[in-house]
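Here is a short briefing on one protein structure. Take a look at the model before reading on.

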Amino acid sequence: MHCPFCRHPDSRVIDSRTSDDGLSIRRRRQCPECGGRFSTTETASLMVIKRSGVLESFSREKVISGVRKACQGRPVTEADLAVLAQKVEEVIRQTGVSQLDTNEIGLAILGPLRELDEVAFLRFASVYQEFDSLEDFERAIGDLRADHTASAENHPDAVKADSADG
Ligand SMILES: [Zn+2]
């Protein structure tokens with residue numbers, strides 16, 4: 001990293017922090033030659049191995065086009081899809097991998113899609129996880145129901161202490 005002030009070919013990192021979205025690292029640097037300070041933003045490359053074996057850069061657009069069909073007729077906006085794709089990228093980047101296959105992307109999509117729309121989630125999961133019987137759907141729906149029940153039980157309003165009128 002050349003110093004932008006004196007072109008010195010080396011610099012010292014004095015601070016580095018991950019951006020709020022977790023997608024890049026911002027570093028404060030200081031030039032040992034002139035003392036000038038500057039920042040750099042680094043984004044690690046994320047590669048996807050396609051089924052054909054071809055390597056291509058991860059793209060949020062591909063994630064969106066992959067789930068769009070499952071979201072047809074659902075109350076899901078383009079903005080929702082953009083947020084979903086960003087979440088998927090965050091999930092993947094947090095694992096620290098630099099390469100993954102399309103199957104692993106499908107897996108990373110499931111969580112955020114489930115939060116967004118459960119029907120779209122079921123549609124996507126049925127294709128991605130190759131549901132081939134009603135039992136597969138029943139199991140997936142059963143999981144969703146179980147989570148609904150669990151979150152209802154954790155609701156703080158459900159707990160009310162009896163009033164003591166001593
Ligand atoms: Zn310098």
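How far apart do the C-alpha centres of domain 1 and domain 2 lie? They lie 31 Å apart. This is a predicted model, in which local features need pLDDT of at least 70, side-chain atom pairs count only at pLDDT 80 or more, and totals for chains, interfaces and linings use all residues. Residues are numbered from 1 along each chain as its sequence is written, and side-chain values use heavy atoms, with hydrogens and water left out.

**Domains**
- Domain 1 covers 12–43, and domain 2 covers 47–133.
- These bounds come from an automatic or database domain assignment.

- Ideal angles for four tetrahedral donors are 109.5 degrees.
- C3 sits in the segment before β1 (12–18), and C34 in the loop between β2 (25–30) and β3 (37–42), so the pair ties together parts that are 31 residues apart in sequence.
- C3 counts as buried because its relative accessibility is 0%.
- C34 is at 41%, so it counts as partly exposed.
- The cut-offs are these: buried means under 20% relative accessible area, exposed over 50%, and partly exposed in between (1.4 Å probe, protein chains only).

**The strands**
- Strands (E, at least two residues) and helices (H or I, at least four) are DSSP runs, numbered from the N terminus.
- β1 and β2 pair in the antiparallel sense over 6 bridges.
- Two strands pair if DSSP finds at least two bridges between them.
- R12 is placed opposite Q30 in β2.
- β2 and β3 also run antiparallel, joined by 6 bridges.
- Here R29 stands opposite F38 in β3.
- The hairpin of β2 and β3 has 6 residues between the strands, and G35 in this hairpin takes a positive phi near 80 degrees.

**R29 and T40**
- R29 belongs to strand β2, and T40 belongs to strand β3.
- R29 is at 11% relative accessibility, so it counts as buried.
- T40 is at 8%, so T40 counts as buried too.
- A polar contact of 3.1 Å joins their side chains.
- The R29 side chain also makes a polar contact with the side chain of E42 (3.1 Å).
- A polar contact is a pair of N or O atoms within 3.5 Å; within protein, one must be able to donate a hydrogen and the other to accept it, and residues adjacent in sequence count only if both atoms are side-chain atoms.
- Leaving aside residues up to four places away in sequence, T40 touches M1, I25, R26, R27 and R29.
- Contact means heavy atoms within 4.5 Å.

**Positive phi outside glycine**
- R7, in the segment before β1, has a positive phi near 65 degrees.
- R7 is exposed, with a relative accessible area of 54%.
- E130 lies in the loop between α4 (118–128) and α5 (134–153).
- Phi of E130 is positive, near 55 degrees.
- E130 is exposed, at 63% relative accessible area.
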